[in-house]
Amino acid sequence: MPGMGGASGAGNSSIIRQFHTALAHQGLIILLVLVLLFVAWNALRSQQYRRAVAQGTPYPPPRPATSPEPPARRLLRLGFGALWVVDGLLQLQQAMPLGLPGDVLRPAAAGSPDWVVRLVNFGVEAWARHPTSAAAAAVWIQLGLGMFLLVAPRGRWSRLAGLGSVAWGLVVWVFGEAFGAIFAPGLTVLFGAPGGVLLYVVGGGLVALPDRAWVGQRLGRIITGAAGVFLVGMAVLQAWPGRGFWQGGIRAKPGTLAGMVGEMATTSQPHFLASAVASFGSFDEAHGWAVNLFVVVALAVTGLALLSGRRRLLYPTVLVLIVLGLADWVLIEDFGVFGGIGTDPNSMLPLLLLLVAGYVAIVRAPASVTVAVPVEAAATDGGSVTRRWWEFLDAGYAGRVAAAVGAIAVVLIGTAPMVAASVDSRTDTDLAIAANGAPQPAASPAPAFHLVDQRDQPVSLASLRGYTVAITFLDPVCTTDCPAIAQEFKAASRMLGSSARQVRFVAIAANPQYHSVIALDDFDTEEGLASQSNWLYLTGSTSTLASVLNDYGVAVANGTAGSMTIHADLAYVIDARGVTRWILNPDPGAGSAEQASFSNLLVSEIEQVMHS
């Protein structure tokens, strides 16, 4: 299950520090909003009290009679509100900024059709470009939604909270769970189908229904009937041959279920939990056919019992499903929260919450629902006047309104940077700085050189006066870092737009054996640089190159790959007067996000030099 397991390369202290800083800054804004709302609420209450004393009317003013919130709706609202809060707290884990794209989002789409992978990759790339802002945004959106559901029990506020849960849940289900892996092989309710967040969407949709929808048993029967159809469908899928569930082991390897459970057992967690999960995995590996038969029968029987609509079967069926669901949550889904990047408690808890709510909606269905409506108060002249809205606000209701507005503010504080991250194609420079360190300022004349370019034309540092120059050192036969660094420089030129005409991007050959003009030209052709007018790839005699490389502090040694060399990754930004202003490390790192981050960082330093 994506999200469980370790977050490789996710512990960069610089990114974690920036993540915590972003949370702290946004938290201060939220605190300020909440304080202002408290002041407004207290001022409103004081005004009500003074008016009531002056008019000799009771305080707090009487409110129209309303019936209590339907029990099933209250269960859904509080239950899913609590789940959103838990999910938000899980997003606080320090591995989230860098670990989520590679260890949660991409694995979720594994095995799905190409169109699903491409769609998920859009979200992966947006997160990877802005990891700290996206991770902080996810925290506040989910905490805000949870708070909104918890504090808004009735009316438009509460229905809006439900709709918010639907909207964000769909975003997470598509981009975070790859549609709950419903298009991938191995789909089963035991592993979390159809995706835990889709169940949040269903719960939010039910909360968003008008109060009259909860009158009578109809809605409860729809919920339990839909659950019955789902369970029967999952039973058929579980029983389908050729999916690996009937075999505990296949050719000396664990079967589908045993393999997944075994993987869960290796997740970082308390030893007694890992031992329990591993024991069940071993049991399934030894008795796979019997375990799957039990699962198929249990799903089919409970599903058919729910579909029967017989009330006397409802209680024992729900009770059995709660027991079996909790067993699955512990022994197979392994709680869904361990490993440092667990994003939610998986699907079994929200599934059971919907099922119990459906049962409660049947056995405790209200006969009618009364909602508050405006009333008229007697006027002193014997006529009547419509009372203003704040005259209906008792302290408790006004407090809930203020809390709901505060929750909306929390959601919006998270939504704004998330939307910005999704549309901003430029990558945060934080990634490059975290991986390679911050650019080092300098203010000394750049070492002079006299070389030839890829067209065998002479080029010297003096001939580049008047241009801002970005210099790096590339091996023309390298197949690893050097092509990636060349692409970083190419991207930087593109990002500069029309300003690129005032910049020269220069590479100097860093291979004492292979540095001919032909080798340089082949490299440019391969990397798509041959037509870039502001790109120069320079070379010279072996002794001349050695002197230049030494002057710029670039050590070169023969590598184990034969013709390739090992050399320092350095980049210099030199101003139009020939003075070195910045020294950077262009190491491309492990992925495209780091490369794009360096390009953005290089552009930032070039623009700073150009405008200084």
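Mentor: Trp115, Trp173, Phe179 and Phe183 form one aromatic cluster. The model is predicted, with local features needing pLDDT of at least 70 and side-chain atom pairs counting only at pLDDT 80 or more, while totals for chains, interfaces and linings use all residues. Residues are numbered from 1 along each chain as its sequence is written, and side-chain values use heavy atoms, leaving out hydrogens and water.

Trainee: What makes the pair of phenylalanine 473 and tyrosine 552 tilted?

Mentor: Rings of Phe, Tyr and Trp (its six-membered ring) pair if their centres lie within 6.5 Å; planes under 30 degrees apart are stacked, over 60 edge-to-face, and the rest tilted. Here the centres are 5.7 Å apart and the planes at 50 degrees, so the pair is tilted.

Trainee: Why is the pair of phenylalanine 489 and phenylalanine 505 called edge-to-face?

Mentor: Its planes are at 75 degrees, with 5.8 Å centre to centre, and over 60 degrees counts as edge-to-face.

Trainee: How do you know whether phenylalanine 489 is buried or exposed?

Mentor: Buried means under 20% relative accessible area, exposed over 50%, and partly exposed in between (1.4 Å probe, protein chains only). Phenylalanine 489 has 0%, so this residue is buried.

Trainee: Why is H12 called roughly antiparallel to H13?

Mentor: The axes of helix H12 (residues 311-331) and helix H13 (residues 348-363) cross at roughly 165 degrees. Angles under 35 degrees count as roughly parallel, over 145 as roughly antiparallel, 65 to 115 as roughly perpendicular and the rest as oblique. Therefore H12 is roughly antiparallel to H13.

Methods:
Axes fitted to C-alpha atoms, helices over the stretch in contact; angles between N-to-C directions. Helix = DSSP H or I, 4+ residues; strand = E, 2+ residues; numbered from the N terminus.
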